[in-house]
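Here is a short report on one structure. Keep the sequence and the 3D view open while reading.

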Amino acid sequence: MSADTAANNPTTALPATTREIRLASRPHGRPVPENFRLAESRLPELRDGQVLVRNLYISVDPYMRGRMNDVKSYSAPFALDAALDGGAVGEVIASRAEGRTVGDAVVHQLGWREYAVVDAAATTLARTDLAPAPAFLGALGMTGLTAYAGLLKVAGFQRGDAVFVSGAAGAVGSLVGQIAKAEGASRVIGSAGSPEKVARLLELGFDAAFNYHDGPVRELLREAAGSEGIDVYFDNVGGEHLEAALAELNVGGRVALCGAISQYNATVAPAAPRNLAVAIGKQLTLRGFLVGGQRQHAAEFAARMSGWLADGTVRYDETIVDGLENAPQAFIDLLDGANTGKMLVRI
């Protein structure tokens with residue numbers, strides 16, 4: 001059956017409505033379930049150049065917390081009483097677009113709902129011959145590109161560098177450490193929030209890892225880094241972790257500022273880092289980045305990551321929660337560090 005036929009054949013049962021998660025109120029500090037609402041809305045009529053997608057998996061990501069605040073930022077805030085959005089991978093069930101046929105697996109940005117009418121130009125094909133569909137929200141998606149470009153392009157990693165990654169058991173951090181090892185790091189250190197996560201990092205090839213609940217991060221990192229210090233810090237956490245990294249970075253060290261999850265729910269200004277002035281004497285480079293500004297590296301990343309996954313150089317973890325109605329709690333749990341690897345909601 002052709003895509004156009006699927007869109008118009010009356011015997012083909014296509015949904016007219018979709019369940020979706022809406023932002024009911026703006027969180028103050030840590031989000032709570034009452035900030036979200038499960039609702040139903042009518043799907044718009046499919047127009048030329050569009051596809052109807054049945055979402056299979058949706059992504060919940062730390063950056064979404066910032067969009068729940070009504071403040072000016074790099075990404076527009078979520079609107080109240082409107083469906084949230086974010087990464088999703090799904091199956092095309094109707095198409096009026098060239099190049100997209102029924103059965104295609106596609107990645108798009110209308111997550112937090114069961115079905116979505118999407119402009120075909122705003123979708124990318126998920127090469128399920130290379131990896132399962134959810135990997136295109138993680139290791140082969142924006143998550144993987146964030147890790148790859150952040151380490152190699154933003155931080156300017158060089159063979160022989162010693163690397164420290166905070167939040168290293170998360171979706172991005174776990175990939176950063178493995179890419180660093182694949183590219184010839186002299187040593188890779190990771191921080192995580194539980195003994196189980198620390199053990200997993202060692203299984204993934206990290207040379208050292210510590211549980212940041214075991215003491216002051218600065219002391220734990222100093223012990224892990226030893227006399228060699230660190231040359232690159234990939235920051236997913238901010239705050240105390242960034243302060244510790246500044247203390248241990250060698251002269252000419254580089255920092256890729258990817259996230260600051262320790263501060264996302266904060267209602268007061270953070271105290272750390274208190275030692276930023278050391279960046280002057282050490283001639284450090286601290287560079288913030290957004291994955292949207294690294295898309296020029298997407299083809300290179302996809303080719304290299306596909307190879308690493310195929311030969312086992314890089315492995316990835318997923319924490320999967322079932323049911324759209326459980327997406328808000330999955331997001332809350334993500335901010336609390338309940339995930340290992342990528343947090344996904346299976347619809």
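This is a predicted model: local features need pLDDT of at least 70, side-chain atom pairs count only at pLDDT 80 or more; totals for chains, interfaces and linings use all residues.

Residues are numbered from 1 along each chain as its sequence is written, and side-chain values use heavy atoms, without hydrogens and water.

**Cores**

A nonpolar core is a set of buried Ala, Val, Leu, Ile, Met, Phe, Trp, Tyr and Cys residues joined through side-chain atoms within 4.5 Å. Buried means under 20% relative accessible area (1.4 Å probe, protein chains only). The largest nonpolar core has 47 residues. L151, V163, I179 and M305 touch the most other members. Elements giving two or more residues to this core include β5 (105-108), α3 (142-154) and α9 (298-311). Helices (H or I, at least four residues) and strands (E, at least two) are DSSP runs, numbered from the N terminus. The largest share, 7 residues, comes from α3. A second, separate core of 20 residues includes M68, A330, L334 and M343.

**Helix pair**

The axes, lines fitted to C-alpha atoms over the stretch in contact, come within 8 Å for α6 and α7. They cross at roughly 40 degrees, on a scale from 0 to 180 degrees between N-to-C directions. Contact means heavy atoms within 4.5 Å.

| Helix | Residues | Contact residues |
|---|---|---|
| α6 | 217-225 | V217, R218, L221, R222, A225 |
| α7 | 240-248 | E240, H241, A244, A245, A247, E248 |

Technical notes. Buried means under 20% relative accessible area, exposed over 50%, partly exposed in between (1.4 Å probe, protein chains only).
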